[in-house]
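Please keep the sequence and the coordinates at hand while reading.

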Amino acid sequence: MSLRAVVVHGGAGNPRAGRIADEAPYHQGLREALAAAQQHPADALAAVEAAVRVLEDAPVFNAGRGSVLTSEGTVEMDAAVMCGSSLRAGAVAAVTTVRNPVSLARAVMEGSDHVLLVGVGAERLAAERGLERMDPQWFVTDAQRRRLAREDGDRRGTVGAVALDTEGRLAAATSTGGTRGQRPGRVGDSPLVGAGTYADSTCAVSATGDGEHIMSVVATHEVSALMRLGGLPVEEACERVLRGRLERLGADAGLIAVDRDGNVAMPFNTTVMHRGWQVAGAQPATVLGKT
Ligand code: ASP
């Protein structure tokens with residue numbers, strides 16, 4: 001048994017040389033994320049959480065360990081999960097010690113009356129729930145230190161997953177270290193329901209790219225609205241949001257989405273968007289650049 005459809009992303013961006021120098025660890029991370037999701041064929045929420053945990057632990061992606069650094073050289077992480085069938089969501093922002101922020105987001109959804117917890121309050125819930133915590137320095141990698149000092153390489157990243165399970169349920173999850181050199185305390189689109197992350201009974205969507213623009217457009221909810229109210233297929237709805245409202249603002253961005261029939265979409269307007277997908281009956285695939 002396998003998920004009816006799953007898509008993961010490791011961020012949209014414009015690497016200086018137009019491509020990633022060493023592609024292997026990106027493909028490996030994406031493949032492992034898809035395999036982790038497939039451990040939960042009948043539970044879309046568990047599937048997207050498992051996939052994002054793998055990507056958070058892989059230091060090549062901007063989430064968890066390997067996150068980009070703030071202007072003060074620290075790591076602050078945001079994450080969200082949303083369950084399409086219940087419309088329940090959980091999110092955290094500006095956490096500094098939680099190894100897998102996506103699991104803390106799920107704990108907010110299932111273990112509190114709230115949707116979004118930030119900073120100290122979020123860390124306290126992590127302690128209460130016994131989630132794994134690390135020294136804040138553990139998240140800071142040499143590669144990101146060099147990038148902050150030299151101001152080179154991509155400023156962004158972010159990881160996400162969307163899935164449709166065998167019971168017909170949809171779920172989405174997103175996790176990020178934000179944008180390199182951001183002011184401490186800046187929160188992007190990823191943990192905001194409807195902006196960087198959204199799921200309902202029509203589709204599940206995760207965004208990456210210029211967070212401030214993704215927030216103004218309420219991009220992932222806009223995809224659902226175009227499908228539910230406008231009758232657009234998932235691919236067209238994603239294209240419309242990306243090429244329309246986001247591009248008009250000058251946003252660099254990408255979206256991954258799955259609908260309730262298992263159709264998937266993954267448009268982006270940057271040179272790369274690390275992505276992987278698998279639909280029932282087919283082999284998994286991973287691609288970094290344009291096809
Ligand atoms: N959207 C993320 C943020 O603004 C960054 C990214 O996806 O590249 O925090």
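Predicted model: local features only at pLDDT ≥ 70, side-chain atom pairs only at ≥ 80, totals over all residues.

Is Phe139 buried or exposed? Phe139 is buried, because its relative accessible area is 0%, a value under the 20% limit for burial.

**Aromatic contacts**

- The structure holds two aromatic pairs, and one of them joins Tyr26 and Phe61 edge-to-face, with 5.5 Å from centre to centre and 90° between the planes.
- This pair links distant parts of the chain, since Tyr26 belongs to helix H1 (residues 24–37) whereas Phe61 lies in the loop between helix H2 (44–57) and strand S2 (77–83), 35 residues apart.
- Tyr26 counts as buried because its relative accessibility is 10%, and Phe61 likewise counts as buried, with a relative accessibility of 1%.
- The other pair is formed by Trp138 and Phe139, whose ring centres are 5.0 Å apart and whose planes meet at 85°, so this pair is edge-to-face, given that planes over 60 degrees apart fall in that class.
- Within this pair, Phe139 is buried at 0%, whereas Trp138 counts as partly exposed because its relative accessibility is 26%.
- Trp138 has a further contact, as Arg65 lies over the face of its ring at 5.2 Å from the ring centre.

**Strand S1 and its partners**

- Strand S1 (residues 5–13) is mostly covered, with nine of its nine residues buried.
- Five bridges connect S1 with strand S5 (residues 159–164) in an antiparallel arrangement, while seven bridges connect S1 with strand S11 (residues 272–279), also in the antiparallel sense.
- Val7 takes part in both pairings, for its bridge partner in S5 is Val162 and it stands opposite Trp277 in S11.

**The four-stranded open sheet**

- Four strands form an open sheet in the order S7-S8-S9-S10, and their pairing is antiparallel.
- Strand S7 (197–199) and strand S10 (264–265) stand at the edges with a single partner strand each, so one side of each is left without a neighbour in the sheet.
- Strand S8 (residues 203–209) and strand S9 (residues 253–259) run antiparallel and are joined by seven bridges, with Ala204 standing opposite Val258 in S9.

**Cavity**

- A search of the whole structure finds one cavity of 30 Å³ or more, and the largest cavity has a volume of about 70 Å³.
- Of the 14 residues that line the largest cavity, those closest to its centre are Thr158, Thr176, Asp189, Ser190 and Gly209.
- Strand S8 supplies the largest share of this lining, three residues, and by class the lining has one nonpolar, 10 polar and three charged residues.

**Second largest pocket**

- The second largest pocket holds about 200 Å³ of space, and its lining consists of Arg243, Met266, Pro267, Phe268, Arg275, Trp277, Lys290 and Thr291.
- By class, this lining has four nonpolar, one polar and three charged residues.
- Trp277, which is among the residues lining the second largest pocket, is also the residue of S11 that stands opposite Val7.

Key:
Residues numbered from 1 in each chain as written. Heavy atoms only, no water. Phe/Tyr/Trp six-rings, centres within 6.5 Å; stacked < 30°, edge-to-face > 60°. Helix = DSSP H or I, 4+ residues; strand = E, 2+ residues; numbered from the N terminus. Buried < 20%, exposed > 50% of the residue type's maximum accessible area, 1.4 Å probe, protein only. Lys NZ or Arg CZ within 6 Å of the ring centre and 35° of its normal. 1 Å grid on protein atoms, 1.4 Å probe; cavity = no way out; pocket = protein on both sides within 12 Å on 5 of 7 lines; lining within 4 Å. Points joined across faces, edges and corners; volume = space filled by probe spheres on them. Nonpolar A, V, L, I, M, F, W, Y, C, P; charged D, E, K, R; others polar. Pairing = 2+ DSSP bridges.
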